[in-house]
Amino acid sequence: MPSSIYRSPAARERVRDWCEARLAAWPVPHDRWQVETSAGLTNVVRTGPDPKPGRGALVLLPGTNMNAAVSLGFAEALSRVASLIVLDVPGQPGLSAGERPRRRRMDRYGRWLTEILPQVTSEPAVVVGHSLGGAIALASGSDLISGRVLVSTAGLVRLRVGASVLGATVPWLLRPSVPRAERLVRHMSSSGASVSDELSRWMALVGSCCRSSLAPAPLPSSVLAHARSVANMVVTGSRDVFLPPARLGPAAEQRLGTHLRVLDGAGHLLPEESPERLAVLVAEFIEARRRH
């Protein structure tokens, strides 16, 4: 049976109001609508150039606790590469349904992505997934997926949670506040990286309004074997506290047959820290696929 990620209906409305306000204030032209799926209503944001037949599209799946409204900087960078569709993952804080599956979570998320892709694009799509979003991209066997860019991706190896991250996470969960959220975000980012006030306020809101959402376990070998049928690029930051290169690199080679790309000096929150650098890698990946 599904359970809601929100602590109460009032908490859900607080999160939705924050997201609505962020998207309404975004100066980048975009369209937004909702699609009914077996996982509930899914929020869709489209931006960038109008899709052209044969040019393909980009689909962005944000990570744990993230959504389109939080990912505007990365979305703007990606929209300069190709027509972009951003999906709020059901069961995560945002504008999609709040219910999350309790059992066979990644199997259901994979089927959700397979179900929704033909409803949002008629063109083959490169799916860009961060963290949880990467695991969902790997779990889907949709014929519309022409390639994947997997950023600090879950699904290949268990995330490492060290003492310093745990020491920042527990106070944030028990008594959420903006300073505690900022401390957690700093641990998830590279040393010395600037942390936006907006991201700290968002994480404080998530801590107050939402139940914790655990990272998925590594996907079954049979699922990953099927995921190798298209090209996959795996990217992480050199200072990623959850998925350091020393752990993610061997898993990417053994389980996906691909070499890990490492962004020097970056942490786990690559879409927030290095949106332009990531967008360049996505553009290179798309161009390589077109030449191929």
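Predicted model: local features only at pLDDT ≥ 70, side-chain atom pairs only at ≥ 80, totals over all residues.
The side chain of R32 meets that of E20 in a salt bridge, at 2.5 Å from N to O. R32 sits in strand β2, residues 30-35, and E20 in helix α1, so the pair ties together parts that are 12 residues apart in sequence. E20, at 30% relative accessibility, also counts as partly exposed.

How many salt bridges are there by this rule? The count comes to 10. As background, side chains of opposite charge can pair when their charged atoms come close.

One is D107 with R111, a salt bridge at 3.4 Å, N to O. Both residues lie in helix α3, residues 105-120, and they are four residues apart, about one turn of the helix. D107 is partly exposed at 33% relative accessibility, and R111 is partly exposed with a relative accessible area of 48%.

The other is E182 with R186, where the N to O distance is 2.9 Å. This pair lies in helix α6, again four residues apart, about one turn of the helix. E182 has 26% relative accessibility and counts as partly exposed; R186 has 41% and counts as partly exposed too.

There is also a network of salt bridges, which links E76, R80 and E276.

Next, the core. In soluble globular proteins, nonpolar side chains tend to be buried together. Here the largest nonpolar core has 96 residues. Which of them touch the most other members? They are L87 and W202. Take L87 on the screen. Setting aside neighbours within four places in sequence, L87 is in contact with N43 and V44, with V59, L60, L61 and P62, and then with W112, L113, I116 and V120.

Rolling a probe the size of a water molecule over the atoms shows where empty space is left. The largest pocket holds about 710 Å³ of space. It is lined by 33 residues, and T64, S213, L214, A215 and F242 are the closest to its centre.

Which helix gives the most to that lining? It is α5, with six residues. Helices α5 (163-174), α6 (178-188) and α7 (197-209) each supply at least two residues of the lining. By class, the lining of the largest pocket divides into 21 nonpolar, 10 polar and two charged residues.

The second largest pocket has about 310 Å³ of space. Its lining has 20 residues, and those nearest the centre are V70, S196, L199, E272 and E273. The elements giving two or more residues to this lining are α1 (9-25), α2 (72-79), α7 and α10 (270-273). Its residues divide into 11 nonpolar, five polar and four charged.

Helix α7 is therefore one to look at from both sides, as an element with two or more residues in the lining of the second largest pocket and at least two in that of the largest.

Terms used:
Residues numbered from 1 in each chain as written. Heavy atoms only, no water. Core = buried A, V, L, I, M, F, W, Y, C linked by side-chain atoms within 4.5 Å. Buried < 20%, exposed > 50% of the residue type's maximum accessible area, 1.4 Å probe, protein only. Contact = heavy atoms within 4.5 Å. 1 Å grid on protein atoms, 1.4 Å probe; cavity = no way out; pocket = protein on both sides within 12 Å on 5 of 7 lines; lining within 4 Å. Points joined across faces, edges and corners; volume = space filled by probe spheres on them. Nonpolar A, V, L, I, M, F, W, Y, C, P; charged D, E, K, R; others polar. Salt bridge = Lys/Arg side-chain N within 4 Å of Asp/Glu carboxyl O.
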